[in-house]
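Welcome, and take a moment to look over the chain before reading on. The paragraphs below walk through it step by step.

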Amino acid sequence: MEQRIGSSSQPLEGAGFDPAFIPGLTSPASAEKAGEDGPEKEPEVADALDAEEVEDAEKAEEVEEAEQAAPESEEDAVPDGPVFEASDRRARMTADHRGVRLVLDDQECEFRWDEIGAVETETARFGKRYTVTVHTPDRRWYPIEIEAPARSRFTEWDSQLDAVLDAYFEEDAG
């Protein structure tokens, strides 16, 4: 008597196990890999397809090299203006020529200077929490709390943030 080693059950197929499976339009991926459906490719056709894939890969590498060698755009170029950065283990805030970026864990938001209505800072009465709130013209606000290494950093951060706001933030007169 002959025994098989391993599982006797066949792998399940369908949309529940393969999100790319569409009944009637595509054959199951496992069947294609096994070569069960349809005739096998002729060797000449397979070689031609491999050559095309190699050419496409070479073109993609050339494009990537050209993009890396291209000079930075004017938007990415860093001007000599002031920059404010504050961070702790979870939160990070950056204000520079592009605007204000707030990051908390894996969440991130970015505001250009024309999207900002006001920037407000607040320090905790007790503790070392520095809160920066970005207000938008449509009455929304986005606060972020950063834990400072020492309370003495609050005045330093206030002066740095004020320098950035004075340089880049333009308040409308009316």
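Helices (H or I, at least four residues) and strands (E, at least two) are DSSP runs, numbered from the N terminus. This is a predicted model, in which local features need pLDDT of at least 70, side-chain atom pairs count only at pLDDT 80 or more, and totals for chains, interfaces and linings use all residues. Residues are numbered from 1 along each chain as its sequence is written, and side-chain values use heavy atoms, with hydrogens and water left out.

Let us begin with the overall plan. The protein chain has three helices and seven strands, and from the N terminus on they follow the order α-α-β-β-β-β-β-β-β-α. Of its 174 residues, 21% are buried; buried means under 20% relative accessible area, exposed over 50%, and partly exposed in between (1.4 Å probe, protein chains only). The accessible surface comes to about 13900 Å², and carbon and sulfur atoms hold 47% of that. Such areas come from the Shrake-Rupley method with a 1.4 Å probe, and for residues only the protein chains shown count as cover.

Now for the strands, where two strands pair if DSSP finds at least two bridges between them. E1 and E2 are joined in the antiparallel sense by four bridges, and here alanine 86 stands opposite methionine 93 in E2.

Follow strand E2 (residues 91-96) and you will find arginine 92. This arginine 92 counts as partly exposed because its relative accessibility is 43%. Leaving aside residues up to four places away in sequence, arginine 92 touches Ala86, Ser87, Arg101, Leu102, Val103 and Ile144; contact means heavy atoms within 4.5 Å. Isoleucine 144 is 52 residues from arginine 92 in sequence, yet their C-alpha atoms are 8.3 Å apart in space.

A further open sheet has three strands, ordered E5-E6-E7 and paired antiparallel. Strand E5 (118-123) and strand E7 (141-147) stand at its edges with a single partner strand each, so one side of each has no neighbour in the sheet. Neighbouring strands here are turned by 20 degrees against each other on average, direction ignored. E5 and strand E6 (residues 129-135) pair over six bridges, with valine 119 opposite valine 134 in E6.

Finally, what do the aromatic rings do? The structure holds five aromatic pairs. Rings of Phe, Tyr and Trp (its six-membered ring) pair if their centres lie within 6.5 Å; planes under 30 degrees apart count as stacked, over 60 as edge-to-face and the rest as tilted. Tryptophan 113 and tyrosine 168 are a stacked pair, 6.2 Å centre to centre with 25 degrees between the planes. Tryptophan 113 sits in the loop between E4 and E5 and tyrosine 168 in helix H3, 55 residues apart. Tryptophan 113 is buried, with a relative accessible area of 12%. Tryptophan 113 also forms a tilted pair with phenylalanine 169, 6.2 Å centre to centre and 55 degrees between the planes. Together, Trp113, Tyr168 and Phe169 form one aromatic cluster.

How values were computed. Axes are lines fitted to C-alpha atoms, for helices over the stretch in contact, and angles run from 0 to 180 degrees between N-to-C directions.
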